[in-house]
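The tour below goes from one selection to the next.

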Amino acid sequence: MAPKKKIKAVVKIQIPAGKATAGPPIGSSLGPHGINIGLFVKDFNEKTASQAGMIIPVIMTIYEDRSFEFVLKTPPVAVLIKKELGLEKGSSVPNKTKVGKLSKAQVESIAKIKMPDLNAASFEAAVSMIKGTARSMGVTVEE
């Protein structure tokens with residue numbers, strides 16, 4: 001068995017799918033660790049090309065020998081809700097100004113997408129989390 005590599009850093013960043021560049025925020029986040037940013041950008045853009053328009057969270061593990069691994073997560077719930085409703089942004093006053101309405105089916109489809117990354121014990125708990133995020137954005141949810 002090969003010896004374990006020593007971890008130098010774990011970096012979490014959110015990048016638009018298929019649009020990574022070596023400039024900020026990627027370059028400024030990864031540059032100090034001395035990894036090949038061009039290689040990361042190429043790999044990331046290839047893996048996320050099909051998800052254009054989404055924000056993809058990435059958890060990057062950087063090792064002492066300057067090699068790296070990265071894990072792609074599902075887009076944030078707020079991004080999925082905005083895409084589902086075609087919104088530019090959520091409400092600045094969510095208790096007073098409503099910006100859209102989600103159906104039960106839309107909430108369930110978002111919950112299915114997010115389920116692998118949520119710490120929900122059940123699908124119902126995941127649906128509840130999605131509803132909470134929607135309410136905090138000024139989106140009403142049909143029961």
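Helices (H or I, at least four residues) and strands (E, at least two) are DSSP runs, numbered from the N terminus. With that numbering, residues 55–63 are strand β2, and Thr61 is found there. The model is a predicted one.

**Whole chain**

Start with the whole chain in cartoon view. There are five helices and five strands to find. Followed along the sequence, they come in the pattern β-α-α-β-β-α-β-α-α-β. Taken along the principal axes, the C-alpha atoms fill a box of roughly 55 × 35 × 25 Å. The chain has 143 residues, and 38% of them count as buried. Among contacts in the chain with a separation of 6 or more, 60% are between residues 24 or more positions apart.

Select Pro24 and Pro25. The peptide bond between them is cis, with omega near 0 degrees. Most peptide bonds are trans. Pro25 lies in the loop that runs between β1 (7–16) and α1.

Next select Gly27, which sits in helix α1 (residues 26–30). Is Gly27 buried or exposed? Its relative accessible area is 16%, so Gly27 counts as buried, the limit being under 20%. Neighbours within four places in sequence aside, Gly27 is in contact with Ala22, Pro32 and Ile37. For a distance check, pick the C-alpha atoms of Gly27 and Gly38: they are 11 residues apart along the chain and separated by 9.4 Å.

Return to Thr61 in β2. Thr61 is buried, with a relative accessible area of 17%. Which residues is Thr61 in contact with, leaving aside neighbours within four places in sequence? Show Ile7, Ala9, Ser67, Phe68 and Glu69 to see them.

Move on to Arg66, in the loop between β2 and β3 (68–72). Arg66 is not a glycine, yet has a positive phi of about 70 degrees. Most residues other than glycine have a negative phi. Arg66 is exposed, with a relative accessible area of 54%.

**α3 against α4**

Select helix α3 (residues 77–85) and helix α4 (residues 104–114). Their axes come within 11 Å and cross at roughly 140 degrees. That angle makes α3 oblique to α4. The crossing of α3 past α4 is right-handed. To see the contact, show side chains for Val77, Leu80, Ile81, Glu84 and Leu85 in α3, which meet Gln106, Ser109, Ile110, Ile113 and Lys114 in α4. By class, this contact of α3 with α4 has six nonpolar, two polar and two charged residues.

**α4 against α5**

The crossing of α4 and α5 is right-handed. On the α4 side, the contact is made by Val107, Glu108, Ile110, Ala111, Lys112 and Lys114. On the α5 side, select Phe123, Ala126, Val127, Ile130 and Lys131. By class, the contact of α4 with α5 has seven nonpolar, no polar and four charged residues.

Terms used. Residues are numbered from 1 along each chain as its sequence is written. This is a predicted model: local features need pLDDT of at least 70, side-chain atom pairs count only at pLDDT 80 or more; totals for chains, interfaces and linings use all residues. Side-chain values use heavy atoms; hydrogens and water are left out. Axes are lines fitted to C-alpha atoms, for helices over the stretch in contact, and angles run from 0 to 180 degrees between N-to-C directions. Angles under 35 degrees count as roughly parallel, over 145 as roughly antiparallel, 65 to 115 as roughly perpendicular and the rest as oblique. A crossing is left-handed if the near helix is turned anticlockwise from the far one by less than a right angle, and right-handed if clockwise. Contact means heavy atoms within 4.5 Å. Ala, Val, Leu, Ile, Met, Phe, Trp, Tyr, Cys and Pro count as nonpolar, Asp, Glu, Lys and Arg as charged, and the others, Gly among them, as polar. Buried means under 20% relative accessible area, exposed over 50%, partly exposed in between (1.4 Å probe, protein chains only).
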